[in-house]
Amino acid sequence: MPRWTTACLSLIIAAVACVVSRPAAADGPKGIEAIDTVVVIYAENRSFDNLFGNYPGANGLADAKSAAPQVDRDGKVLAELPPVWGGLTEKGVEPAITEADTTAKHLPNAPFAIDSARGFNLPLNVATRDLVHRFYQNQMQIDGGRNDRFAAYGDAGGLVMGYYDGSKQKLWDIARRYTLADNFFMGAFGGSFLNHFWLICACTPAYPHAKETDAKDQIAKVGKDGVTLVTVPGSPASAMHGVPYFAKDGTLTPDLYAVNTMQPAYAPSGNPLKRNDDPVRPSSSKTLTPQTEKNIGDLLSAHGTKWVWYAGGWAEGLKEGCYKESGSNFQCHHQPFNYFADMAPGTKARAQHLLDAGLNGETFIKAIDAGKLQPVVFYKPRGELNEHPGYADVVSGDDHIAELVAHLEKSPQWAHMLVIITYDENGGFWDHVAPPKGDRWGPGTRIPMIVVSPFAKKGEVDKTFYDTTSILRFITKRFDLPELPGLRSRADALIANGNPAPGDLTNALDLPK
């Protein structure tokens with residue numbers, strides 16, 4: 001082949017490679033319009049320091065040395081961390097680490113590496129026990145921004161201060177290639193149930209007639225400050241002597257908002273149904289009435305923008321139910337759209353928007369590979385793959401999300417895609433950064449968030465203040481949607497308390513101009 005031909009071919013190949021790798025053509029969409037597909041991957045129950053505390057360049061454990069030490073229930077500094085009440089590992093999990101083992105460790109009053117000799121040599125692929133992560137306890141642990149009562153008001157003693165050498169995670173590698181946010185907070189205080197609502201509607205579900213039903217027994221007993229649960233006589237005075245006992249640690253606030261886990265009125269539900277297509281559950285103290293607040297799905301549908309919630313194990317959950325010890329550990333309270341009346345069984349909206357992702361996300365992956373993702377996609381892994389302490393380890397979820405990212409990067413839609421990887425809440429784990437003061441619902445504790453996109457600022461740590469509502473803010477801005485009331489009230493409350501409004505994620509992106 002003549003040299004000039006070879007040279008020309010080389011120039012052509014280089015030009016094609018340049019075009020393929022370029023996020024958007026010079027004459028293509030500009031700014032936020034360059035994003036056509038938004039994918040939200042929602043994992044479970046990890047604080048930022050728990051997994052990313054040693055990430056280079058992040059506000060992590062090296063910056064936590066000046067953080068307040070943990071104090072006891074009387075406000076005095078603990079001489080050491082309490083034992084891990086009930087033991088570190090769940091029953092049947094090896095290696096077994098008992099409560100006595102943790103007592104003998106005499107852990108110093110400081111963060112410790114769970115997977116090191118200083119901790120318990122328990123690697124990332126072994127599930128620890130669960131920790132309390134509830135609405136009032138989270139606020140009591142944050143203690144006005146001091147973050148010094150996690151051990152005092154948790155139920156797992158010193159485990160709250162545990163973290164991992166996260167450099168072994170595949171998500172660390174993904175963060176290095178894209179953008180890690182180190183100032184991202186969970187949208188609401190407490191657990192998964194409430195934070196899933198804040199992901200889709202920036203709202204707290206209400207149960208206005210609860211006092212007329214069996215749910216009246218679920219109303220929490222709270223002190224005059226509206227935050228502190230009332231303890232009962234005989235409750236251990238010190239965290240060194242046991243877990244606190246509360247008079248009524250219910251699912252409802254005194255003014256009848258649902259803040260801790262309640263079950264949906266539609267299958268799949270943690271309460272048994274007569275049939276999977278029952279439209280409404282019979283009365284139950286732990287079943288939430290169908291909700292009617294506007295959510296992001298409603299706004300997208302009204303705008304004519306397609307969207308979907310992919311749930312890992314949805315089909316099996318419908319068939320077999322929830323929280324199984326064997327088979328798919330499907331989590332019913334992780335499916336927020338299933339709580340809304342307009343998604344009731346038999347509706348067209350339900351069939352269009354609530355889809356089974358497959359047990360291991362295989363149906364979701366097929367849509368990725370085929371380039372058939374809708375403009376807005378939420379993906380919730382099933383229990384074993386979501387990293388939730390108590391029933392999942394970190395490695396299984398980390399591997400799963402990394403596999404998804406590998407498929408997304410090869411998708412025909414990749415050139416105009418934004419992928420948001422985050423966690424619903426902290427799972428009870430301590431973090432040294434105090435959440436900014438907002439409204440009565442949050443923000444809560446800091447959690448990890450990674451922006452994956454051709455437009456992500458590569459290898460950067462984004463210091464912008466975000467919370468879970470930032471995801472809704474981006475979707476709202478990109479698709480020119482009306483603002484959900486909760487977005488405005490959250491921003492107003494933060495500003496009124498001297499804080500900035502949450503960002504909309506665009507600071508993590510280098511969008512075409």
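Visitor: Is strand E6 (residues 307-311) enclosed or open to the outside?
Guide: Five of the five residues of E6 are buried, so the strand is largely enclosed by the rest of the structure. Buried means under 20% relative accessible area with a 1.4 Å probe, protein chains only. Strands are DSSP runs of E, at least two residues, and helices are runs of H or I, at least four, numbered from the N terminus.

Visitor: Which way do the side chains go, and what kind of model is this?
Guide: Trp307, Trp309 and Ala311 point one way, Val308 and Tyr310 the other. The model is predicted, with local features needing pLDDT of at least 70, side-chain atom pairs pLDDT 80 or more, and totals for chains, interfaces and linings using all residues. Numbering starts from 1 along each chain as its sequence is written, and side-chain values use heavy atoms, leaving out hydrogens and water.

Visitor: Which strands does E6 pair with?
Guide: Five bridges join E6 in parallel to E8 (residues 376-380), with Val308 opposite Val377. Pairing takes at least two DSSP bridges between two strands.

Visitor: And what's the whole sheet's order?
Guide: The sheet is open, with eight strands in the order E7-E6-E8-E1-E9-E10-E4-E11 and mixed pairing. E7 and E11 (460-462) each have a single partner strand, so one side of each lacks a neighbour in the sheet.

Note on methods
Buried means under 20% relative accessible area, exposed over 50%, partly exposed in between (1.4 Å probe, protein chains only).
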